[in-house]
Amino acid sequence: MGPHKEQKPSVIAVMGFLAAGLAAGVILGLFITIGPELPQVEALADYEPGALTRVWSADGVLLTEWYQQRRRPLPLDRMPEKLKQAVVAVEDRRFATHPGVDIFRILAALVVDLKDWAPTQGGSTITQQLAKNLFLTPDKTIPRKIREAFLALRIEQRYTKDEILEFYLNQIPFGEGAYGAQAAAEVYFGRDVASLGLAECALLAGLPQNP
């Protein structure tokens, strides 16, 4: 048997390690630069979104409502399971497993954006959308998307998936001035969200993409 020949790493493997190291360095540098400027996600625990004010007559008739954003926050366990499943299916299929940012979804969106030569696809997860709606502007710029991603990672470290989904379902706009699932159920169906059927939950789940 001849002498053992030492195997040299392939050029592709070396390039892969270098690319991974470069990416890690860029991410670390961005975090060091942007991190101190980011809002504190701990504020979500004490967040109280503005709710609507209702005026009733002595005999129980609704006279008027005042609100900037029509909203009636509810705990997650009072929302139908069908609605939760539909929202996750439409907005973020890997919500239960990703750490706040879905790399596969971002890459898929990037391919579409490059094909269209325009930022038509965001690739944002439910957690990123929550970060954008609560802390950032809706501008489609690279710096804002980077801040959104870092905030999403922080939110996922601080809160459970159920807590994040509850924040989201009470915060996201559904159109017609309705913010949150309960207000949307009242606006579109005139009923409590807990009473909605499968078709109604599916309709609501599709609204946040184009409210």
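This report covers a helix pair, the salt bridges and one further helix of a predicted model.

## Basis of the description

Residues are numbered from 1 along each chain as its sequence is written, and the model is a predicted one in which local features need pLDDT of at least 70, side-chain atom pairs count only at pLDDT 80 or more, and totals for chains, interfaces and linings use all residues. Side-chain values rest on heavy atoms, with hydrogens and water left out.

## Helices α2 and α6

Helix α2 spans residues 81-91 and helix α6 spans residues 161-171. Helices here are DSSP runs (H or I, at least four residues), as strands are (E, at least two), numbered from the N terminus. The axes of α2 and α6 are 12 Å apart and meet at an angle of about 90°, so the two helices are roughly perpendicular (65 to 115 degrees). Axes are lines fitted to C-alpha atoms, for helices over the stretch in contact, and angles run from 0 to 180 degrees between N-to-C directions.

On the α2 side the contact (heavy atoms within 4.5 Å) is made by K84, V87, V88 and E91, and on the α6 side by L165, Y168 and L169. By class, this contact has five nonpolar, two charged and no polar residues. Ala, Val, Leu, Ile, Met, Phe, Trp, Tyr, Cys and Pro count as nonpolar, Asp, Glu, Lys and Arg as charged, and the others, Gly among them, as polar.

## Salt bridges

The count comes to seven salt bridges, each being a side-chain nitrogen of Lys or Arg within 4 Å of a carboxyl oxygen of Asp or Glu. One of them joins R144 and E148, at 2.2 Å from N to O. R144 and E148 lie four residues apart in helix α5 (residues 142-158), which means that about one helical turn separates them. Both are buried (under 20% relative accessible area, with exposed over 50% and partly exposed in between; 1.4 Å probe, protein chains only). R144, K145 and E148 are linked in a network of salt bridges.

K161 and E156 also form a salt bridge, at 2.9 Å from N to O. K161 is partly exposed at 22% relative accessible area, whereas E156 is buried at 14%. In the salt bridge of R191 with E200, the closest N and O atoms are 2.9 Å apart; R191 is partly exposed at 31%.

## Helix α8

E200 is also one of the buried residues of helix α8 (residues 198-206), together with C201, L204 and A205. These residues cover an arc of only 140° around the axis, so they lie on the same side of α8. The arc is that of the directions from the helix axis to the C-beta atoms.

The buried residues of α8 pack against α2, β4 (173-175) and α7 (181-189). The face turned away from the buried side carries the exposed residues L198 and A199.

Note on methods: Angles under 35 degrees count as roughly parallel, over 145 as roughly antiparallel, 65 to 115 as roughly perpendicular and the rest as oblique.
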